[in-house]
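Hi,

Here is the model I promised to pass on. Have a look at it first, and my notes follow below.

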Amino acid sequence: MSVKIPKMMKELDLNSLKKYLNNTRRHLHSMPETAWLEYKTIDFIYNEIKDLGYEILTGDKILDMSYAMGLPNKETNDLAYKEALLECSSESLKLFKDNRTALVAKMNLYKEKTVAIRFDIDALPIKESDDSSHFPFKKGFSSKTKGIMHSCGHDFHTAIGLALSKLISENKDKLHYNVILIFQPAEEGVRGAKAIVESGILDNVDILLAHHQWSVMPKGKIVCSQNGTLSTHKYDIEIFGKSAHAGICPEKGRNAILSASRTICALYDLQKQSSPSIKLNVGTIIGGQGRNIISDYTKFEMEVRAKDKNIEKEFANNVIEIINKTVKSYDCELKISIKGEAIGAVGNESIARTIYNLSQEISFFNNIQLSDEENRGSEDFTSMMNRVQERGGKACFIGIGAGIKGKELKHHSPNFDIDEESLLPSLLLFYKFLKSI
Ligand SMILES: [Zn+2]
Ligand SMILES: [Zn+2]
């Protein structure tokens with residue numbers, strides 16, 4: 001399926017805006033890519049935006065890759081890049097080589113102040129439902145990529161970002177801030193934002209916004225400032241022991257599985273003694289070569305989360321200490337890799353108030369809430385918010401209800417879906433905001 005792009009995107013041509021949004025969203029939905037491998041997606045974004053009068057920034061100008069977390073291995077990356085080359089021009093694709101799958105579009109209007117908006121672009125390793133009741137399947141735009149799915153709605157976010165880029169470009173005379181649009185890779189697993197933050201691209205931003213469309217929030221509802229995101233650290237723990245014959249000389253080995261088991265129990269004990277708001281999970285564990293061999297290697301993947309960033313940080317430090325101590329007591333070696341990191345953030349109230357007032361002008365929003373503290377997991381946009389707010393700017397994370405009536409289509413599940421009717425009002429909200437400041 002190809003996206004038909006209307007030539008002119010006039011401000012009030014709501015029908016062509018809607019058509020563009022729907023088509024773009026469906027196109028993106030059909031070609032999902034996971035974190036740091038969003039080559040076709042970012043190439044598509046680039047081609048949509050490159051002739052609109054923006055300064056386009058890519059690569060190390062907008063990503064400090066030493067802060068990129070949870071990168072895929074070389075083999076997976078090479079394969080994804082090779083596949084993208086079959087569909088994209090090698091000329092444009094090389095701008096995003098080596099996992100630099102971010103793009104920043106800057107519209108310099110020679111104003112004193114700058115507003116930035118973030119759109120996340122990645123999908124998840126989930127096999128999309130082929131049930132006849134699943135809307136993308138029924139309409140023929142479900143994932144063409146085996147085992148990968150836009151199961152969080154980032155296809156919606158990206159489509160809105162692209163439509164907004166066109167609206168801005170055609171209505172520059174109505175704006176009073178320079179505008180920066182950020183297309184961010186690897187939001188899932190909270191892995192991408194920090195690399196963008198550390199590039200310094202946000203350091204002179206006065207106002208920063210992002211949004212999420214939610215299937216679990218009724219259509220028509222908007223929360224102008226969502227403040228309930230959790231601080232989190234994600235770790236891969238690798239334990240290296242020494243193998244030995246389990247019957248003849250087990251004492252000559254150093255048991256990585258035993259060391260991991262004791263460590264995991266100690267971690268859950270630590271959680272029990274800590275603040276009840278702390279969440280800890282060891283989600284995977286692998287290791288060992290055979291029943292009669294003392295295992296020389298075990299790996300487990302874990303995360304910690306908490307609402308309060310100080311409590312979470314302190315707990316994460318204790319976690320690392322316990323892992324070090326326990327693993328060493330079994331004489332094993334240890335490698336700890338940080339695979340994701342996000343801190344909580346609280347949105348600016350005056351920005352939330354502006355969004356509150358503007359959303360009243362859009363009839364779609366019939367349930368408008370200034371802010372909430374509801375826990376919706378973690379979101380790495382908070383790293384961006386914190387950077388901007390630390391430097392005197394204002395930031396806000398908006399939640400938009402897009403649930404399909406009568407259905408419970410959860411994020412990160414194979415039958416996830418949200419209502420396309422939420423696309424246009426979300427776009428109009430951002431555009432109205434840009435005009436209002
Ligand atoms: Zn998600
Ligand atoms: Zn998401």
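To start with one residue: does Val 190 count as buried or exposed, and how many C-beta neighbours does Val 190 have inside 10 Å? Val 190 counts as buried because it has 30 of them; the cut-offs are 20 or more other C-beta atoms within 10 Å for buried, 12 or fewer for exposed, and partly exposed in between, with C-beta atoms placed from the backbone.

Before the rest, some housekeeping. This is a predicted model, where local features need pLDDT of at least 70, side-chain atom pairs count only at pLDDT 80 or more, and totals for chains, interfaces and linings use all residues. Residues are numbered from 1 along each chain as its sequence is written, while chains are lettered from A and ligands numbered from 1 in the order in which they are written.

Back to Val 190: it sits in the loop between strand S4 (178–184) and helix H7 (193–198), and its phi is near 45°, positive in a residue other than glycine. Most residues other than glycine have a negative phi. His 412 also has a positive phi, about 65°, and is not a glycine. You'll find His 412 in the loop between strand S12 (394–403) and helix H12 (423–436). With 12 C-beta neighbours inside 10 Å, His 412 counts as exposed.

Now the whole chain. There are twelve helices and twelve strands, taken as DSSP runs (H or I, at least four residues, for helices; E, at least two, for strands) and numbered from the N terminus. The C-alpha atoms fill a box of roughly 80 × 45 × 45 Å along the principal axes, and 48% of the 437 residues count as buried. Of the contacts with a separation of 6 or more, 83% are between residues 24 or more positions apart; a contact has C-beta atoms, placed from the backbone, within 7 Å.

As for the sheet, eight strands make an open one with mixed pairing, in the order S1-S2-S4-S3-S5-S12-S6-S11; strands pair if DSSP finds at least two bridges between them. S1 (55–57) and S11 (367–372) are the edge strands, each pairing on one side only. From one strand to the next, the twist averages 20°. Inside the sheet, S3 (residues 114–120) and S5 (residues 207–218) run parallel over four bridges, and Ala 116 has Leu 208 in S5 as its bridge partner.

Helix H2 (residues 39–49) lies across S1, S2 (103–107) and S4, at about 15° to S2. Axes are lines fitted to C-alpha atoms, for helices over the stretch in contact, with angles from 0 to 180 degrees between N-to-C directions.

Cheers

Conventions: Contact = placed C-beta atoms within 7 Å.
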